[in-house]
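Trainee: I am new to this structure. Please take me through one part of it closely, and then show me what lies around that part.

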Amino acid sequence: MDKKEAPMADTTLRRRNGAISTSPYIQSDSRLRSKYLHDRRTENAVFESRAAEISRHNRLVLALWNSWSVLVLYVTALISIESVVGIGLTVAVTLVVYFNVSDDYEHDSSFGWNGNLPTVLLSFAVVTPLSSSITMAFNRRERALQQLATYRSSAYQLYCGHASWDWSEAHKKPGRRGCEEDEGDLAAVRGESGREQEQADEQGGGRNIDFLQHADTTLTHLVHLSDALYKYLSLPTASRARHRATKMGRREAAEVLTTGKQIFCSEIYGNMTMVSQQTEALKYRGMPGNEASRIRQWEEHMSTAIEQLRIIKEYRTLQALRVFGRLFSVLMPPLYATSYVQVALDSGSLALGLVIGIMHSLVLTGLFNCVAELEDPFMSDINLDGIDCREELVVLVHEELLCARRMMFPEAGEFVLKKDCFKGLDVSSDYNRTSRYNMQINEIK
């Protein structure tokens with residue numbers, strides 16, 4: 001009986017040009033990946049214990065700490081110029097009414113003055129529109145978070161497809177490991193003469209394709225795409241009331257929107273086009289249509305998420321509701337000054353009436369400020385509940401993609417981000433300066 005043919009050795013499978021460096025059958029690379037995961041688990045265990053330790057607090061201390069934090073946030077985030085104006089008007093009108101009716105009320109028992117006003121008007125004119133605006137703004141923020149999650153997951157899967165997917169079949173098709181550049185095509189791309197192209201064709205074969213370079217080019221475009229999306233979402237808001245009602249505001253809005261269109265059309269969709277071309281390169285080199293179709297689906301998910309984010313960025317909740325809320329949250333409490341005066345007269349304490357009036361004004365203006373906080377969910381440097389686009393698109397996306405690269409190519413050198421892929425312009429210093437982390441790809445030894 002003939003002996004079975006021995007399995008192909010690692011040295012036969014491996015090609016140092018990166019053609020099959022993602023193969024799961026290369027034991028040395030698999031050991032490096034396992035070692036990397038083991039080291040990260042060990043480090044994360046230490047971080048988890050530290051996080052658990054620093055989060056343990058006495059219940060009384062925690063209650064006092066949370067109460068103080070809530071007070072600080074309310075004062076700093078929900079008290080605005082409108083709050084101060086509303087409080088000033090409420091106090092002034094309440095004092096005027098009180099001093100006009102207090103003498104007659106105290107000395108004339110037949111004085112039949114009653115300052116109580118129905119609260120239906122307050123709830124219908126202010127509370128209902130503000131609560132509806134808060135609900136709509138919060139739903140927009142949740143939609144934005146969902147679209148960011150879709151974008152990030154699709155970008156990660158798309159890079160993994162470009163970096164590691166193979167289309168080989170055992171002893172039938174070589175897949176990535178058998179791909180070679182067509183020198184004739186390369187000569188045509190370089191614009192060489194027909195004779196030079198013929199010579200290239202006569203040479204036959206060609207050099208093996210460097211799929212590490214292909215994956216790094218895809219990674220570069222994905223990083224620049226995320227950076228451009230961050231720049232677009234971080235632009236100033238251009239849909240406030242002043243941008244609609246005043247000439248100067250319309251000029252400001254036009255400038256901001258023009259800048260956004262330039263970033264969106266050239267940088268965002270320019271990089272999306274380059275990513276699409278990378279998929280075409282894989283198809284040309286033999287990737288079957290069904291796998292390329294899956295990658296195209298992730299590209300579509302990314303494009304759809306980007307468009308959804310653009311819609312949320314440029315369009316707001318009803319402008320009429322916001323104008324209504326801003327106006328009546330300031331003016332309605334002074335109109336109820338007679339009710340506060342009635343409380344002061346019945347209780348014999350002017351201070352109590354003023355406190356109730358001030359609290360009403362703070363509550364209404366605070367509700368309106370909640371609406372204003374959520375109107376542009378991407379301004380995290382201004383809004384308490386805004387989405388941290390820098391963390392999501394500049395930090396986490398970069399870290400996830402670089403971690404995937406480290407796993408796919410454990411023996412590759414450090415990733416150097418280029419400003420673009422034209423003539424290999426190197427701006428790695430800009431990359432290190434704008435990132436809040438410093439991930440080294442060659443950590444795996």
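Mentor: Start with a pair of helices. Helix α5 (residues 120-164) packs against α8 at an angle of about 165°, and the two axes are 9 Å apart. Axes here are lines fitted to C-alpha atoms, for helices over the stretch in contact, and angles run from 0 to 180 degrees between N-to-C directions. Helices (H or I, at least four residues) and strands (E, at least two) are DSSP runs, numbered from the N terminus.

A word on the source: this is a predicted model, where local features need pLDDT of at least 70 and side-chain atom pairs count only at pLDDT 80 or more, while totals for chains, interfaces and linings use all residues. Residues are numbered from 1 along each chain as its sequence is written, and side-chain values use heavy atoms, with hydrogens and water left out.

Back to the helices. α5 and α8 are therefore roughly antiparallel to each other. The cut-offs are simple: under 35 degrees is roughly parallel, over 145 roughly antiparallel, 65 to 115 roughly perpendicular, and the rest oblique. The crossing of α5 past α8 is right-handed. A crossing is right-handed if the near helix is turned clockwise from the far one by less than a right angle, and left-handed if anticlockwise.

Now look at who meets whom. From α5 come Tyr151, Ala155, Leu158, Tyr159, His162 and Ala163. Their partners in α8 are His214, Ala215, Thr218, Leu219, Leu222, Leu225, Ser226 and Leu229. Contact means heavy atoms within 4.5 Å.

α5 has another neighbour. Its axis and that of helix α11 (residues 289-314) come within 8 Å and cross at roughly 155°. α5 and α11 are therefore also roughly antiparallel to each other. Here, α5 passes α11 in a left-handed crossing.

At 16% relative accessibility, aspartate 216 counts as buried. Buried means under 20% relative accessible area, exposed over 50%, and partly exposed in between (1.4 Å probe, protein chains only). Leaving aside residues up to four places away in sequence, aspartate 216 touches Arg405 and Phe415.

Valine 395 lies in helix α15 (residues 389-408). With 5% relative accessibility, valine 395 is buried.

Next, the aromatic rings. The whole structure holds 5 aromatic pairs. In one of them, tyrosine 98 and phenylalanine 99 have ring centres 5.5 Å apart and planes at 75°, so the pair is edge-to-face. Rings of Phe, Tyr and Trp (its six-membered ring) pair if their centres lie within 6.5 Å; planes under 30 degrees apart are stacked, over 60 edge-to-face, and the rest tilted. Tyrosine 98 is buried, at 12%, whereas phenylalanine 99 is exposed, at 54%.

Another pair brings us back to α8. Tyrosine 232 and phenylalanine 264 are tilted, 5.2 Å centre to centre and 55° between the planes. Tyrosine 232 lies in α8 (residues 211-233) and phenylalanine 264 in helix α10 (residues 247-284), so the pair ties together parts 32 residues apart in sequence. Both residues are buried. Tyr232 and Phe264 form one aromatic cluster with Tyr269. Arginine 310 lies over the face of phenylalanine 264, 5.8 Å from the ring centre. That label requires NZ of Lys or CZ of Arg within 6 Å of the ring centre and within 35 degrees of the ring normal.
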